Amino acid sequence: MRRFAALYDALDRTASTSAKRDAMAAYFADAPAEDAAWAVYVLGGGKLKRTATSTELRTALAAETGYADWLIDDSYAHVGDLAETIALMLPRREADGTDTPLHVWMEARLPSLARLESTERVETLRDWWRALPAAQVFLVNKLLTGSLRVGVSQRLVVQAIAQWTSLPTDLIAHRLSGTWKPSADAFRALAEPERADEHAGERPYPFFLASPLEHEVDTLGAVSDWLAEWKWDGIRAQLMRRGDEVILWSRGEERLDGRFPELETAARTLPDGCVIDGEILAWSLDEAHPLLFAALQKRIGKLKPGPKLLADTPVRLMAYDLLELDGKDLREAPLRERRTRLAALLDGHTTTFMLSPEVPAHAWADLAAIRAESRERRTEGLMLKRLDSPYRVGRKRGDWWKWKVDPYTIDAVLLYAQPGHGRRSGLFTDYTFGVWDGEALVPVAKAYSGLDDDEIGRLDRWIRANTIDRFGPVRSVQPTHVFELAFEAIQASGRHKAGVAVRFPRILRWRTDLAIRDADKLDDLRRLASG
Amino acid sequence: MDSDLLLPRPEGLYCPAGDFYIDPMLPVARAVVTHAHGDHARAGSALYHVASAGAALMRERLGATATIRAYDYGERFTLGETVLSLHPSGHVLGAAQVRIEGRGKVAVVSGDYKRDPDPTCAPFEPVPCDVFVTESTFGLPIYRWPPMSEVIHDLMAWWAACAERGIPAVLFCYALGKAQRILAELATRTDRTVYLHGAMVRLVEDYREAGVRMVMTEAVSETARGRDFAGELILAPPSAAGAPWMKRFSKASTGFASGWMQVRGARRRRGYDRGFIVSDHADWPGLIRSVEDCGAKRIYVTHGDGEALIRYLRERGHDARSLRSLGAMPDARASEEGD
């Protein structure tokens, strides 16, 4: 653990991406494989099944420090990270000097808490804390409570491994895709030379992700070089048909086994050795448009959907791309060719699989006009893909663009605020906004992003000075400030007090030119939701 | 009535029995100023009473024409119906607590203070009193300062690592107090020259004239054009971060010396590579200890929220309350200023 703690420190002590990559590459070259495997796992965002609750951690902290619960809560609200709050509050004492390797923590110690009674867990935590130096108290608590968040992306971990092994990053990304299980062997396998059967097995291909189109569309060149498709609002997924197996992977590279049986059944009729990239949509066969995303959400949550849910909310796969056919990796072939073969594969096939329709156009202006219909078609806009592009790894700009419709916007009043987490800890950055329902302001959206640091600082000071009431860490403030919010979709919701729920709300700007009476009305939102 | 001695007003904290203000934010007739930081010492008042040790710094801040009366620590003087004396607060050079005796009672306004050793100023002196006004900049138990020797050790290691990589190390810290404290601590460990941003030069000279021993320093502006600062340590005020001035330190590693650096998120938010926990304010144990040392029957808490400190003290049997309970007074500082 000492060596991993030193790596963590090195990563935490620089804002430079290349310095972080160098530090990881040096660690991978040097650390024991059984520990380095877990470092790959946790630095890439992996976490263990949680084995102690926040309440147990707080109970242990209260017992260890003698501080009252309210003082621990106040401190936590200020720090924004429970693992760190604990490390900062515990009495400082000399650590006992023994070093428990990272893999022992991850494979034995932390999982062992699950087998204990709650009171024993609290005692075990206290014993661990007493034996560890403060920096490792923090790390052990982090590993116990969630991901590390040390400014390292999965992609940067991949680059560091590529640097250490001198292998291509795309190959490393593929080797780590899917549910990579950390072990000394798995770690050593990352460094092996490229094999011919590299793509076999259950691992998905890393997804190619489009970037938002931020410049004028006609700068993309000839429209005939591009494929335009609708941008569907579902779950991006990879369907693999290999050997006897059908495996469905989400974009987060989690297996969706059992959740979408109609897709798995239909996939049995596909030839062995094929992989399709597509979008899962809730869509009844007799409807012209897919159901709203909220319908699909009911399916995502169900491990084993019952007959009624399957009947009410059937799903289909909108197929975008063909990554593998007859067991051969097609990703280097141009999109034009992959799509032709995808069309042939799905031709005459069950309607559960649909070929993503091409949106035909002779000029960019045609597409701009068609894009305006996106909402009526229950889509988020258009996708533009270069017809001669390969299927790349990750988010690479240039070949695939998402050209979304402009978001909805409303003007809403700041009602509540609570402190943020991570780099926003200690500042009031999580806001709740409301609109007018008659003479009352009702909350309709929470938003965290969109203000710059200067605005966040000013608003934080204002919130502190204008608090009316407190509910734990949440403060209600004098309704004063109006903000323009953007969101992607709005629908009726029985679970929200206002009766509507908005999707992906964020702050566009602080409307210092508006008074609260200028804010929007709930009726306007209801109209949007029903429209 | 405590408000005979201490009455918050729009201009600042007022003493009715003595007819003077402490650290007024607006021009007044008579001011007692605890220390020379900008949010405490403001120009424009007719007459200032300050501690002798900080008089030169006060002159710098208040201007050549200001009328300043300076007193040694512990020296008694009379204002109105009160007898005053100034006592070291350990915050920065010349910083003082104000002891006010009048109407049969003793009140002490601590100003900003710390309990950790600091080679640049006289240490905090616990002053027995009936009423104690304490700051609470770092009023949560997560704030506990590491020993300065550890921090300086880390700082030296960072400087050495930067030198090895052939890049400058730029450390941001407050120009008055923090910079000189770091330069004085460094004097026991290195004889290398440290480079200074222009805003610090005069203040460092003031400290030298007051007899504070520090490492050799040179102004960045006095060095030859195009000088390479690889491997050098440069001190600059936080306002210089991101300013064009930084361009000459390309690829520099940046650090920030502040009590706020105790919390990781606060450092990451500011985008510095390194945070060094150095504060001229009392940490949580320092606040509790000072309240108990002075033996006051009533504690008033200033600055920011302070609510956790008040509640904690009350649970421990102290009569603690917010200074706001005596009257409204603007808070001179923003949420995270002062460190």
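Student: Before we start, what counts as buried here?
Tutor: A residue is buried if 20 or more other C-beta atoms lie within 10 Å of its own. Please note that this is a predicted model.

Student: What share of chain B is buried, then?
Tutor: Buried residues account for 50% of the 339 residues in chain B.

Student: And which secondary structure elements does chain B have?
Tutor: Chain B contains seven helices and 19 strands. Its radius of gyration is 20 Å, close to the 20 Å that the globule rule gives for 339 residues, so chain B is as compact as a globular protein of that length. Along the principal axes, its C-alpha atoms fill a box of roughly 65 × 45 × 30 Å.

Student: How is chain B divided into domains?
Tutor: Domain 1 covers 2–142 + 281–326, and domain 2 covers 148–276. Their centres, taken over C-alpha atoms, are separated by 30 Å. The contact takes 16 residues from domain 1 and 15 residues from domain 2.

Student: What classes of residue does domain 1 bring to that contact?
Tutor: The side of domain 1 that touches domain 2 has ten nonpolar, three polar and three charged residues.

Student: Changing topic: where does Gly102(B) lie?
Tutor: Gly102(B) belongs to strand E9, residues 96–102 of chain B.

Student: Why is Gly102(B) classed as buried?
Tutor: Because 20 other C-beta atoms lie within 10 Å of Gly102(B), and the cut-off for buried is 20 or more.

Student: Which residues does it touch beyond its neighbours in sequence?
Tutor: Leaving aside neighbours within four places, the contacts of Gly102(B) include Leu5(B), Ala17(B), Gly18(B) and Glu81(B). Gly18(B) is 84 residues away along the chain, yet the two C-alpha atoms are separated by 8.1 Å.

Note on methods. Residues are numbered from 1 along each chain as its sequence is written. Chains are lettered from A and ligands numbered from 1 in the order in which they are written. This is a predicted model: local features need pLDDT of at least 70, side-chain atom pairs count only at pLDDT 80 or more; totals for chains, interfaces and linings use all residues. Helices (H or I, at least four residues) and strands (E, at least two) are DSSP runs, numbered from the N terminus. A residue is buried if 20 or more other C-beta atoms lie within 10 Å of its own, exposed if 12 or fewer, and partly exposed in between; C-beta atoms are placed from the backbone. Two residues are in contact if their C-beta atoms, placed from the backbone, lie within 7 Å. The radius of gyration is taken over C-alpha atoms; the globule rule is 2.2 Å times the number of residues to the power 0.38. Domain bounds come from an automatic or database domain assignment. Ala, Val, Leu, Ile, Met, Phe, Trp, Tyr, Cys and Pro count as nonpolar, Asp, Glu, Lys and Arg as charged, and the others, Gly among them, as polar.
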